[in-house]
Amino acid sequence: MNNFDIVIVGGGHAGVEAAYISTQYTDLKVALVSLPHLPLASAPCNPSIGGVGKGQVVRELDALGGIMGKLADMAGIQYRTLNESKGEALQSTRVQIDKELYPEFALQILQKIKNLTLVQAKVQKISKIDDELFKIDVKNHLNYEESLFSKKLICTVGTFSQGILHCGATVSNGGRMNADFSPKLSELLPIVKFKNTRFKTGTPPRLQKNSIDFSKLEEQKSDDRTNNFHLLNHAHQRSLNQVSCYLTRTNSQTLKIIRDNKEKSPMYNGQISAIGARYCPSIEDKAYRYPEKNDHHVFLEPESLSGATIYPSGISTSLPSDIQDEFVKTIDGLEASIISKHGYAVEYDVVDTSQLKKTLEHKEVLGLFFAGQVNGTSGYEEAAAQGLIAGINAAQSLKCLPPLVLSRNDSFIGVMIEDLVSMDRDEPYRLFSARSENRLYIREDNAALRMYSYRKTLNLNHEIDQCLDEFYNNYQLLLGLVSESIFDQSGEGEKLLVKDAIKQDKSGSSVFLLEQYLLRNGLYFDYRIIKSVAIEVRYAGYQERLKKDYARVHRIEDKKLHFDKIMASDNVSFECKQRIKKFLPETFGQLKRLAGIRPASLAAIAGDIL
Amino acid sequence: MQFDSIFQNDLIIAPITSLSNLSAVAIIRISGFFNPNDFNVLIKFSGPIEPRHQKLVHIVDPDSSLVIDQALLTYFPNPYSFTGEDVLELACHGNPLIVETVINLMQKFFSMRIASPGEFTLRAFKNNKLSLNQVEGLDAILHASSVPMLLQSQKSFSAKFNTSFEKLLGALKKHKMLIDILIDFSDDVSASIYSDFSQSLQECEAAISELYEKVSIPLNILVKPEIVLFGLPNAGKSTLFNNLLGHNRSLVSTIPGTTRDYVSENFSIEGTSFILIDTAGLRDSEDVLEQSGILLAQDKINAAFIRIFVINLSTYDDVLLSQLLTFNPQYIVFTHLDLISSQDLMNLKDKLHSKYKGFELFFSERNDHDFIRNFKLNILERHRTLFRDDPILVARQRSVIQKIRIKFSDYKFEFDHHRDLAILSEFFKMILLEAESLVGVLSVDEVLNEIFSNFCIGK
């Protein structure tokens, strides 16, 4: 009974996503092993899902049959549309979640899955019995030891591998505060060669809600018009009460305290040597790196409906707790605030993702997949997306079906995975929309359409599938309608097609225009279909034009490389050859995106393929 | 050029001086990877070879043991050579027969081949000894037809010229950064980002117009400036033409309409080459502008760098001449002064000066050498001023700049009309793609770096 097709080690966003998708292959037997006393899919840092680029990922996940969008809607307590005024293609959704409910809902859903076994135990060691079988030695909370056996293994240990926590001079072991940790990667997986890279991340202190004076702070209300993430849900219906966030700012006093205590910061006194992300700077980073700037945004985000804590986004820190108490009180509205849990930093082992294939399977140890923060990414959404890709590909490979690889041209997930496997990174990876070359097309509104054919190739039958078909068909129907119907029947003179009316719209809201038209004509379509069609029609001409331009200027991007010729060339440096051998880029575009390829080598190779 | 050869580092040999005229010295260059002592079957010398020092050698035919030539050898070990490879240069006597024999012998006894045109430069480019802009600068040096042009090419070759490109790169990078900040990090930055954005747009515009000014003078005016003479029949165009040339080229006669269509000649003023063009005069017809001669020459006149309107003062006709002013001459030269009394001439000059305000007027006496010299210097000065603003001479760079300018105006149009950042960011990407070949590739990480080092962003 301890034999499984797939065992997933780690019950965070990546692990849960991998479990949810792989069990949709109903004849596979899957086990999810997670540490005792730790909730599944918990959110140990910010209480929100989505954001610019990340919202797109959640919708891609949802359409591919993932669980994150569904959970975010079940636990959503505030919805916002980011970039609302900046252009319809850039709009992204962010949902504040109830951190207590989110893991509860995850557990409820996973418990109902018949072919999933939830195991609460600490994994001690993973070994290989033969080419086909992994042995996973675990110990439960009563110190009872046993072994699981599995054909595929997905490792999603997050920040737990040799996790070390820093709060001022206080150093302790753990994947997060008040939690156990996992053995270091080289002990956990002696079958894999690791490079011994460690990253660092941090989290701000949590504040007691009733100690904050919200009266003088700027309020940010939930937006009723923001679409839910999960396609099966009604576009705007919320399952929980909605709450507000508040905006406050640091000031010169706050920053003075932080600057005066520089030698007490583990990041700056040498206590932490691992590398953190520049895009996720702690308040110490901000203070020391930008000595002129004292005014930094702090968003006060409720962590749950019932709970009493607030997450102050923008002041992540690992300074000693007394300094945290002191500087927090200098901030507007927080004068009397009480910290319920102090901020801290965590250092952890990460995998060299250049050793992974685009399926996230290890290149040398076949059957072993890595996903989530252990791959050196940051963010719940990035982790979840990798969990889904690893889960699908583990299952596909068990069934001898072709792997699922998403293209960077039609998904943010594809962008992220290609970036991960083709870069040696020296800092955590976060998805920005700027990383995509195709922002006009990779949008939230068309995520279901972009993912449609990917999901169909899996040939699964889950609740999402029927819904996707319906979405796809209605989209085609409405698209056909706007291409043929006259916009204003009563108007005299030239008859304008609906799609041309949308294109010529100057108000900036083509969605509203189409909505009104359908209303006038007594036609009903789901709001998300209307949005998708309106935005597609509006951008279609631009996309066409840019595609042509792009093809003309960048013919070389898609040219195939002659591997042997490059290897034989004297004009390509040894170092560059090593990198090319390692990442095996297929096109010149991929080669260009590899870090560390010298301009001279690029020029030589370009000359060869032109 | 065959691109197959890009990946080869075989030895190549070629004369790098012209063989068309007999000269005292001819230089043969060999490039590749070698030890200069390997050639001692053919190139005889005593003592060691010192890098970058000239050495007297004898070139001997190994079969006959006959000395072909005495030559000076210079050895440039890699990577400090023109191509970045090992380079040997032999300065032999300038007889093409010697050069040919030496090259044949070298090919016979060592595995080397004759370099294809431009191959040394290509290798220099491949080995990162020259940037693309420098290669193009080198080309311009070799083809310069005037001193200002030569100086301009030198600037381009020494890579000093890149400051305008750098300015452009800086402006584009900053703007791209601001676009990405507005899309990805708008929560983290204050509203002042919008004024940064419009300011940065102006900086891009300024950098692009600065470059555009450098390409707005047509290339033919810089490289082969034309001077065209036009006017009524018998105005004295051909006489002026011959005086400028310094010898009789145009058939001079007193019969109107002697010159048909136009004649042209190359001539130089203090080393700068010009093309002098004498257009057809006008035959006797009712309407001046319908004269076939001037219509044929119309395009020629409009495209010329210098337009000289020649007027015969003795047959001065106000109405007819006014029509020819539409050709917008810079100079008006009055001829046949000797047919007018000096008193009349004085009065006439006053009148003409007030009538032709804004034009440079010259009064040409027959065989007046001072006039011709001053006139030439005046033209030369006009040509030199063209180079004051560092015009860009390389055709590829010129066309890229034109394209960037067009793409930027598309971008501005979208900016003014839609303010949809999704579209703007895509249009801006097209500018960056065009600019890549001038300023290099701008990677995502570079832009992100720029963002993180200039703005405080993150939770």
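How many disulfides does the structure hold over all chains? Here is my friendly read-through, point by point.

1. Ground rules. This is a predicted model, where local features need pLDDT of at least 70, side-chain atom pairs count only at pLDDT 80 or more, and totals for chains, interfaces and linings use all residues. Residues are numbered from 1 along each chain as its sequence is written, chains are lettered from A and ligands numbered from 1 in the order in which they are written, and side-chain values use heavy atoms, with hydrogens and water left out.

2. Cysteines. To answer the opening question, there are zero disulfides over all chains (a disulfide being a pair of cysteine sulfur atoms within 2.5 Å). A:Cys167 is in none, and the nearest cysteine sulfur, that of A:Cys45, is 14 Å away. A:Cys245 is in no disulfide either; for this residue the nearest cysteine sulfur, that of A:Cys45, is 15 Å away.

3. Burial. A:Cys167 is buried, its relative accessible area being 13%, and A:Cys245 is buried at 3% (buried means under 20% relative accessible area, exposed over 50%, partly exposed in between, with a 1.4 Å probe and protein chains only). Strand 1 of chain A, residues 3–9, is mostly covered, with six of its seven residues buried.

4. Strand pairing. Strand 1 of chain A runs parallel to strand 9 (residues 145–155) of chain A, joined by six bridges, and also parallel to strand 2 (residues 30–34) of chain A, joined by four. Strands are DSSP E runs of at least two residues, helices H or I runs of at least four, numbered from the N terminus; two strands pair if DSSP finds at least two bridges between them. A:Val9 has A:Cys155 as its bridge partner in strand 9 of chain A and A:Val33 in strand 2 of chain A.
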